[in-house]
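I opened this notebook to record, step by step, what I looked up in the structure. My entries begin with the strands and then turn to the helices.

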Amino acid sequence: MATAETFENLKNLQEILVQKYDLEKKVSEAPKQLSNQEDLLTKTRKEFIEQKSAYDAIQEKVTKLKADLEDAVKSREEGEKGVANSTTHREYEALEKQIAEAKDKEEEVRRELQKEEKDLAALDERLKITEDSINFSEQELKTSRESIDNEIAQYNSKLAELQAEEDKITPNLKQETLFKFQRIIQRNSEGIVAVRNGVCTGCHMILPANFANEVREGENNGDKDICFCPYCSRILYYEEVSEDQQEDYFDIGVAGSLAGFDEEFDDEDVDEADDNENTSDNEYENVDSEDDTSVSDEDEDDSDEDMEEDEE
């Protein structure tokens, strides 16, 4: 038979287990808080690599354009010097053509070089911003890790204290009962509840009368000394209530919606039966009225025939 001490141990253990499972969940989920920061840092690093690759490509192109510009300028200057020393018309024309082509090339290269240098400067600025963002994210992530590590350390310290308290209680309980109780707490955070007026205060279901009496007397067919709610599986103990709060849980009003449904259903049946009876009565009345009318008509016909015979 379950004793008051057993129920008291279960109540105390319930408080410990609720805290314990909550802390274990926090310890498990704490590292997940860093996932967003880590994802952001990874994304920023990837962007930096892509930007650096684009920067290097533009830098290489700028270097080539500068070399092309230098060649065009050199070609133009050589042509200009040759014109001054030309001795024939054909040589003069050739040098003039060289100068014109060099100028066109120089202008084209300068325009393209200015565009690429502008893009290179913008990309360089973006690289600096991205690099600063990486440094900031790394520092922020480091700080978050340290904070979470401190939290986890505090959680583990508290868990050790709770485990010590749990170890003091569990030897006084049966292993089977303890196993079931722990499973219930993990699901519902409430493993032992009172029975009041034949109702489980955990799931608020009305218990069978015999079973409610077993809880009150501390008997149980299955576990011998612990009663489990047949609906929510919580451990049950009986709790007395004051006389003004006592209710008969067999009363229809207390039984709730199902009893109300039956009562409503019975009323509907009665109403429907009354309607059918009234309908039948009305039909009989209509038939009687028709019969009376028919009889009256026959009587009139007979009276008319008698009068005609008398006149003859």
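I count two strands as paired if DSSP finds at least two bridges between them, and I take helices (H or I, at least four residues) and strands (E, at least two) as DSSP runs, numbered from the N terminus. The model is predicted, so I note that local features need pLDDT of at least 70 and side-chain atom pairs pLDDT 80 or more, while totals for chains, interfaces and linings use all residues. Residues are numbered from 1 along each chain as its sequence is written, and side-chain values use heavy atoms, with hydrogens and water left out.

**Strands.** I looked up strand E3 (residues 227-228) and found that it pairs with E4 in the antiparallel sense over two bridges, with Phe228 opposite Ile235 of E4. Six residues lie between the strands of this hairpin, where Ser233 takes a positive phi near 70°. On checking strand E1 (residues 192-196), I saw that it runs parallel to E4 (residues 235-238) and is joined to it by four bridges, and that Val193 has Leu236 as its bridge partner in E4.

**Lys20.** Is Lys20 buried or exposed? I found Lys20 in helix H1 (residues 4-29), and it counts as buried because its relative accessible area is 13%, where buried means under 20%, exposed over 50% and partly exposed in between (1.4 Å probe, protein chains only). Leaving aside neighbours within four places in sequence, I listed the contacts of Lys20 (heavy atoms within 4.5 Å) as Leu159, Leu162, Gln163 and Glu166.
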